[in-house]
Amino acid sequence: MTEATRRWSWRSWLPDVSAAVSRFPLGVLLAGFLTIYKLWADSPNEADEKILGTLAASFLWVVAVDLFVESQGRSQKARGIAWLAGIAVIALLFHFRWEAWLFPPLLFGALLFAVGLAGQLRSGDRNAAFWLFNHRLWLAAALGLIGAVLFGGGLSIILETLNFLFGLELPEKWHESIWTVALGFLAPVSWLALAPQNFTDRISDQETEFTTRAVATIVRFVLVPLLLVYTAILYAYALKIGLAGTLPKGTLGSLVVGYLLAGAATLLLAYPIHDSGGILVRLFWRYWVWLSVLPVLLLFLAVYTRIAAYGLTEPRYAVVLIGLWALILAVWRMVRRGESFDLRVIPGLLALLLLVASFGPWGIVGASVRSQTAELAGILREKGMLADGKFARPAKGSESPLGTSAARVRQIEYYLNTRHALRRLAPWFEGEQQNPFAEGKSPEVTVRELLEALSLPPDLSRSTGSTFTYYADAPRAISLDSRGQVIGPVVFESQGPIQGAIPPQTVRVDGLGTVSLEIAGNSLIAGIETGPELRFDLTEAANSLSGVVVTERRPLPIEAANGSLSGTVLIENLKGTYDGADLDLSLLRFWLVLKREK
């Protein structure tokens with residue numbers, strides 16, 4: 001066999017992978033690393049999620065670099081430098097996620113827009129080439145995703161068929177592995193293989209390709225009419241509240257955000273028929289950006305009412321960000337009224353805003369944390385619990401001065417806790433003998449003592465009717481000798497309370513015989529065929545929940561012993577309500593470690 005024949009044979013077997021590797025070698029490699037790491041990290045903890053996030057964001061970055069270098073004819077040296085510089089910055093952002101206030105969804109959004117823009121950054125009138133390139137690029141992404149879903153779904157059906165026909169009981173983990181490979185490797189690599197190679201092809205209003213005509217039909221007869229009607233509704237609502245002298249409803253912001261995003265997407269899609277699509281399309285193309293100004297003002301008024309009442313949070317920051325984007329577009333369109341409308345400005349401006357807002361003290365997390373901290377300080381000052389930047393602890397045994405603000409204070413504490421930002425409160429307690437943030441205290445102890453200082457219940461047993469959901473996202477080690485047995489995972493789940501609704505589960509264990517597991521009242525009962533019965537008090541787990549840092553929660557241990565038999569339950573998932581007496585669970589997932597002394 002000749003070398004040419006061997007090369008042809010290899011490409012005939014793997015045409016997609018070979019095409020992707022030849023243009024995007026590092027992108028394919030990163031997709032492979034991401035998939036392998038996800039398969040290896042069965043239950044990713046926070047450190048694993050940082051690595052997976054770094055790999056995913058780096059994949060998008062190197063694809064954008066490759067498209068830019070290819071379209072601009074830059075050298076391979078420049079390509080390599082851009083690769084390494086971007087990956088280094090991304091890795092640092094994810095490694096110091098909380099210190100940098102990184103918000104990955106915004107970073108991924110910015111990088112996705114960068115992929116579509118990277119190959120179309122030449123100067124001049126590039127609308128026709130920009131539109132066709134992105135049409136082909138994102139159509140390739142959709143086809144890659146559809147192919148991966150068909151592959152994953154087909155293999156999953158085959159596994160279930162084998163289980164059903166032959167009683168094989170193949171592991172459920174195989175399904176997860178199949179979908180990890182399908183979505184983590186096959187989908188992105190197929191996308192890269194189908195990515196357009198020509199950066200200068202131009203769309204025309206006479207384009208006859210099927211998907212282009214389909215897009216034009218949807219734009220002309222569905223999207224444009226609906227958006228114009230929605231615009232009229234928003235103007236009518238503005239007139240209504242103007243006459244009534246009231247502010248818009250706080251929830252209007254999310255509706256306007258959807259309207260603005262849909263309108264911008266329709267504006268991009270409408271380009272090929274902006275002159276030939278009929279009077280409604282021409283009206284939309286010429287005036288929609290200007291017409292969006294009043295909805296943007298409504299958006300700002302609506303989100304103002306929410307921020308004034310509850311402070312800034314990530315969703316409200318995002319609403320303001322989208323409003324700012326739309327307002328800048330409107331101003332830019334007005335200033336350049338007589339010049340051509342550059343489509344690249346729409347995603348380019350949004351990508352820039354998303355990138356800037358994705359990290360830093362000015363970003364979506366940093367600004368929200370500062371706002372929530374300021375609101376907490378304001379509440380405590382009002383209640384006499386904070387003066388001159390120092391915490392004033394209420395007298396022991398006295399009634400909580402928080403009153404009806406207690407629930408709001410607890411919400412802010414939870415918010416700061418989940419963003420690793422509780423230490424922003426540490427200066428308030430400096431010099432106190434009972435300082436929750438003193439050196440050497442574990443995060444759990446810090447949270448518990450902080451809640452006590454704020455006159456809030458440090459456990460669920462003192463908060464009547466508390467509803468909770470808990471899941472472990474970090475490992476816990478437990479010693480196990482040769483006489484120990486591990487059972488699990490065991491899952492009890494029901495739409496209502498588990499107690500009395502779920503029959504006992506049984507499992508055969510070497511050396512112990514049949515082990516029966518059931519939930520009765522507040523206890524998990526492990527009945528041993530050849531030994532005594534163990535009762536695990538589940539309220540121990542419920543009582544400890546609020547003292548656990550939610551960003552690194554380990555399985556909750558409960559121990560029990562009876563004669564020569566002892567055991568430990570490690571709870572991964574727990575969901576239910578607890579009023580201090582009765583525990584009603586709808587979900588319990590755990591591992592059971594049993595040990596019998598000789």
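Which helix gives the most to the lining of the largest cavity?

## Basis

This is a predicted model, in which local features need pLDDT of at least 70, side-chain atom pairs count only at pLDDT 80 or more, and totals for chains, interfaces and linings use all residues. Residues are numbered from 1 along each chain as its sequence is written, and side-chain values use heavy atoms, without hydrogens and water.

## Cavities

The whole structure holds 2 cavities of 30 Å³ or more. A cavity is a set of points on a 1 Å grid over the protein atoms alone where a 1.4 Å probe fits but cannot get out, and lining residues have an atom within 4 Å of a point.

The largest cavity has a volume of about 40 Å³. The answer to the opening question is α13, with 3 residues; α11 (279-291) also supplies at least two. Among the lining residues are Trp288, Trp325 and Leu329. The second largest cavity, of about 30 Å³, takes 4 lining residues from α8, and α3 (25-40) supplies at least two. Lys38, Asp42 and Glu176 are among the residues that line this second cavity.

## Backbone

Most residues other than glycine have a negative phi, and most peptide bonds are trans. Glu169 has a positive phi of about 55° and lies in the loop between α7 (127-166) and α8 (173-194). Asp388 also has a positive phi of about 55°, in the loop between β1 (386-387) and β2 (390-391). The peptide bond from Gly488 to Pro489 is cis, with omega near -5°; Pro489 is in strand β4 (residues 484-493). Helices (H or I, at least four residues) and strands (E, at least two) are DSSP runs, numbered from the N terminus.

Notes: 1 Å grid on protein atoms, 1.4 Å probe; cavity = no way out; pocket = protein on both sides within 12 Å on 5 of 7 lines; lining within 4 Å. Points joined across faces, edges and corners; volume = space filled by probe spheres on them.
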